[in-house]
Structure formats: C-alpha cells, structure tokens
Amino acid sequence: MTRTVYLNGEYLPETEAKVSIFDRAFLMGDGVYEVVSVLDGKLLDFDGHMARLQRSLDALAMKNPLDTAGYLAAQRELVARNDIGDGLIYLQVSRGNPGDRDFVFPPAEVQPTLVMFTQSKPGLADSPTAKTGLRVISVQDLRWHRRDIKTVQLLYPSLAKMEAKAAGVDDAWLVEDGKVTEGTSNNAYIVKDGKIITRELSHDILHGITRAAVLRFAHEAQMSVEERSFTIQEAQQADEAFITSASGFVTPVVEIDGVKLGAGTPGPVAVRLREIYLEESRKAAV
Ligand code: PDD
C-alpha cells in the first residue's frame, strides 16, 4: 500500500508530495516538528503536542498554518487513509519557500510549509526494549542552547545516536557541565530510594509531553518526584533509570557507560509508570 501523506492541505501519495529546494527547513533547518503516537487508531497526548507546537512556532515567530481542530481532522484522516493501528504521526512546519536562499526571514506573504505523515509500528506498546531495558553511553551535549524549541536541527542528536550504535548500545545521554541534560530524543530520569529524579525545565531540555504526563501520574500515585539535574556518576549509583518520549512512552534504562544499574533489569518504578502511562493515555486518546 502506498502511503498517503499530507502536504499543505492536500492528501497525496508519498511519491507525489514535493517540497521546494528553497524551503527554509531544507536550507536552514528552519522548521519545527512534533511526533504524536497512535495506539488502536487513536492519538495520544494530542492537546499537549499541539500546545508545544504553538510554543515552538511562537519562539521562532513562525505562522501556524492550521488550528487545533484542523490538525486533529488531518491526523485522523491520515490514520484512516493509511490504516494505522499503532504507530506515529510526524508533523513539520517550516518557514516556507522564499524562492531563493537568504539568511533574512522571508516576507509575511510567504506561507509556511506543513507536512504530516504516518509511520506504522504494529505492537508499538509492546516493544522488546520495554522488557530488556536500554543500554546508554554518555556523550557531550554540543547542541544549541534553545533545546526547549522542537526544531528539525537534529544533526547532533543523530551523531550522538550513531556514537551509541558504534559503541554497541542503544542510545546516548547528553552531558553538559557535568550534568545529564536528556537523551538524544527523550527525557532522562533516575530513581533512588523510591524518589524519581529528572532535570528541571529550562532552555536546556525539551519540555517533553510524555514527561509532563508521567510526572502528573507519579504525583497522583503518591510517588515522590524531585526536579533537578544529576551526574552520570549519580545515575550509575541509582536503583534504576528510564527515559520518556512519545515514541518510547516510558522505557527502562539498565546500563550507563558499561555500569549495570541494580540487577541490570528494568526497575519496578519504570515498569509501573509505563503501565500507568499506557493505561491512562489510552483512556484519554482522541
Ligand atoms: N523526540 N527530548 C528530546 C531531545 C526529544 O527529541 C524528545 C522527543 C523528547 C521527549 O519529548 P516527548 O515526550 O514530547 O516526545 C525529549 C521525538 C519523539 C522524536 O524526535 O522522534
């Protein structure tokens, strides 16, 4: 089946969806994106992702080409047309095509480019890594300093991920000034004596939508949460660790820079939070 994608208001076969070589995302990395997960054909944390999209657009003075109802209708249409049970929807807004290359932003009449496509991932909620846990290495965080804006400038996270793969592990945790910021494409957590520790929100990290939901569920379940940064050494001495993201939900981390955490198997807090997150998010899915 040929995938149907969305481009500027049109549903097209993926082979027919074309964007200009002058598009600002292509030449300048001048675009923002969101990834929304789909379970049983329904969208998870949709409102949170829309709120963050608006925040990213506002931070870059970029126009939003669609309203929330428009995004919801389009994403549901893509899910239906591509027969997605479990999977992801990628959404990208760029500053559009000024017709040439220029560092100066294009005039107001240049319309943003809006692209959306689905990725089918059958069994997304039952991924093997949820049971085995992830192994990570630490890598210096060399990204720019507005990581709270979800831009398509993903070269450094991609390089860090490749470094992890070359080291024979799953992912990298990024470290700046001796403290973990986040994973290449996820937020990072440790658990010590029952307390969940994760870096506080600032320009240093992406304000994860899954993070917000998981911390809310943790509070509701009377789990103790501390929002502060931590070192790799502290993480290696923790009882357990995990990451959160729209595509991985809550996934345990069992090894950091070759040091196994606890028994080297997924810890009870991560396992429980994953269950709660999936249960509650499925209930609230739209
Ligand atoms: N990545 N931190 C970074 C750097 C990320 O790229 C992501 C998401 C997160 C988690 O955010 P959320 O819970 O809202 O997905 C944290 C997405 C999934 C991606 O790039 O594919």
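A polar contact is a pair of N or O atoms within 3.5 Å. In this predicted model, the side chain of E182 meets that cut-off, reaching the backbone nitrogen of L206 at 3.2 Å. E182 is also among the residues closest to the ligand. The ligand itself lies between domain 1 (4–122) and domain 2 (128–284), because both give residues to the shell around it.

**Domains**

- The protein chain is divided into domain 1, covering 4–122, and domain 2, covering 128–284.
- The contact between them takes 22 residues from domain 1 and 21 residues from domain 2.
- Taken over C-alpha atoms, the centres of domain 1 and domain 2 are 26 Å apart.

**Ligand shell**

- The ligand is surrounded by 19 residues, and the closest are Y33, R52, E182, I209 and T210.
- By class, the shell consists of ten polar, five nonpolar and four charged residues.
- At least two shell residues come from each of strand 3 (31–39), helix 2 (46–59), helix 6 (209–220) and strand 13 (240–245).

**Polar contacts and burial of the ligand**

- An oxygen atom of the ligand has a polar side-chain atom of T210 at 2.6 Å.
- A backbone N or O atom of I209 is 2.8 Å from an oxygen atom of the ligand.
- On the nitrogen side, a ligand nitrogen atom lies 3.3 Å from a polar backbone atom of S185.
- The protein buries 89% of the 470 Å² that the ligand exposes when taken alone.

**E182**

- E182 sits in strand 9, which spans residues 179–183.
- Its relative accessibility is 4%, so E182 counts as buried, the cut-off for that class being under 20%.
- Beyond its neighbours within four places in sequence, E182 is in contact with R143, R147, A172, W173, L174, N187, A188, D204, I205 and L206.

**T251**

- T251 belongs to strand 14 (residues 249–256).
- With a relative accessibility of 4%, T251 counts as buried.
- The side chain of T251 reaches the backbone oxygen of G248 at 2.7 Å.
- Not counting residues up to four places away in sequence, T251 touches T129, A130, L134, F242, I243 and R274.

- N8 is not a glycine, yet it has a positive phi of about 45 degrees.
- The location of N8 is the loop between strand 1 (4–7) and strand 2 (10–13).
- N8 has a relative accessible area of 43% and so is partly exposed.
- D40, also not a glycine, has a positive phi of about 50 degrees.
- D40 is placed in the loop between strand 3 and strand 4 (42–43).
- The relative accessible area of D40 is 57%, so D40 is exposed, the threshold for that class being over 50%.

Terms used:
Residues numbered from 1 in each chain as written. Predicted model: local features only at pLDDT ≥ 70, side-chain atom pairs only at ≥ 80, totals over all residues. Heavy atoms only, no water. Helix = DSSP H or I, 4+ residues; strand = E, 2+ residues; numbered from the N terminus. Buried < 20%, exposed > 50% of the residue type's maximum accessible area, 1.4 Å probe, protein only. Polar contact = N/O pair within 3.5 Å; in protein donor to acceptor, adjacent residues only side chain to side chain. Contact = heavy atoms within 4.5 Å. Near = heavy atom within 4 Å. Areas by Shrake-Rupley, 256 points an atom, 1.4 Å probe, with all protein chains shown as cover. Nonpolar A, V, L, I, M, F, W, Y, C, P; charged D, E, K, R; others polar. Domains from an automatic or database assignment.
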